[in-house]
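Dear colleague,

Please find the structure below, handed over for your records.

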Amino acid sequence: MNRRAMRVISFVTQKGGAGKTTLAVNCAVAAEKSGRKTLILDLDPQGSAESWYQDREADTPRLVKIESWTLPEAIAKAHTAGYELVMIDTPGRDEPSVTAAIRASDFCIIPCRPTPVDMKATPPTVATIARLHKAAVFVLTQTPPRGERVREAEVGLAMLGVVCPVRIVSRAVYQDAHGVGLGVLEFDPEGKAALEMTELWDWLAKKMEKIVYEPKEADIA
Ligand SMILES: Nc1ncnc2c1ncn2[C@@H]1O[C@H](COP(=O)(O)OP(=O)(O)O)[C@@H](O)[C@H]1O
Ligand SMILES: [Mg+2]
């Protein structure tokens with residue numbers, strides 16, 4: 001039987017506070033809700049995804065906190081266990097574990113706030129992704145609901161790569177949901193954040209399907 005390909009996605013940028021953990025857990029909740037068995041791997045020693053999971057009542061999407069040297073083994077195990085998606089949350093520093101996460105990924109998501117400091121922090125991440133020949137997209141996060149600033153940021157990032165047309169607006173509900181171990185889709189299913197997160201995940205999932213699947217060691221073995 002031809003097993004459906006497992007995809008590995010990492011949330012990367014050396015800028016702390018950009019929204020990696022928020023996007024990782026909310027995308028995982030959206031993916032699981034759409035029927036795809038999803039695993040979150042928390043590579044950040046600070047463990048903010050792990051603490052979200054500890055506050056959570058539901059077991060899914062499952063989360064495991066690991067050290068970066070066990071990443072290939074964790075991914076192989078996820079494949080054996082029948083996961084369809086692995087989402088890796090990474091630390092906000094340029095360190096070897098971030099490179100390891102990018103290397104293990106099929107697809108990288110680079111969250112970026114529309115500020116000059118955040119924009120200036122992206123090129124090293126983009127360079128590592130390019131060196132490892134991985135597909136990546138930018139997602140604008142914590143944006144004002146509208147305005148010229150976001151538009152300018154979008155134009156700036158478009159010079160470096162693909163920018164997701166769905167923007168994640170700054171909303172207290174992201175913080176409130178995180179604090180009680182929920183995704184915004186669960187915390188306020190009818191709210192604006194739930195709508196934009198659904199749109200974001202739909203867009204990312206479609207984009208990812210267009211990527212040529214590279215077999216991993218786990219597939220070949
Ligand atoms: N869209 C958003 N609206 C409001 N607050 C947000 C949003 N995204 C993230 N935050 C908050 O900003 C802080 C940093 O986000 P986080 O996801 O932890 O970033 P990172 O993992 O990149 O360091 C957290 O307190 C988080 O709750
Ligand atoms: Mg984080």
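**Findings**

P61 is placed in the loop between α2 (48–54) and β3; helices (H or I, at least four residues) and strands (E, at least two) are DSSP runs, numbered from the N terminus. The peptide bond from T60 to P61 is cis, with omega near -10 degrees. H133 belongs to the loop between α6 (123–131) and β6 (135–140). For context, most residues other than glycine have a negative phi, and most peptide bonds are trans.

This is a predicted model, in which local features need pLDDT of at least 70 and side-chain atom pairs count only at pLDDT 80 or more, while totals for chains, interfaces and linings use all residues. Residues are numbered from 1 along each chain as its sequence is written, chains are lettered from A and ligands numbered from 1 in the order in which they are written, and side-chain values use heavy atoms, with hydrogens and water left out.

Seven strands form an open sheet with parallel pairing, in the order β3-β2-β4-β1-β5-β6-β7; two strands pair if DSSP finds at least two bridges between them. At the edges are β3 (62–65) and β7 (162–163), each of which pairs on one side only. Within the sheet, β2 (residues 38–42) and β4 (residues 85–89) pair in the parallel sense over five bridges. T38 stands opposite L85 in β4.

Turning to ligand 1, 14 residues surround it, the closest being G17, K20, T21, T22 and Q175 (a residue is near if one of its heavy atoms lies within 4 Å). These shell residues divide into four nonpolar, eight polar and two charged (Ala, Val, Leu, Ile, Met, Phe, Trp, Tyr, Cys and Pro count as nonpolar, Asp, Glu, Lys and Arg as charged, and the others, Gly among them, as polar). Both α1 (20–33) and α8 (172–179) supply at least two residues of the shell, and α1 gives the most, with three residues.

Polar contacts (pairs of N or O atoms within 3.5 Å) also involve ligand 1. A polar side-chain atom of K20 lies 2.8 Å from an oxygen atom of ligand 1, and a backbone N or O atom of V169 lies 3.0 Å from a nitrogen atom of ligand 1.

Yours sincerely

Conventions. A polar contact is a pair of N or O atoms within 3.5 Å; within protein, one must be able to donate a hydrogen and the other to accept it, and residues adjacent in sequence count only if both atoms are side-chain atoms.
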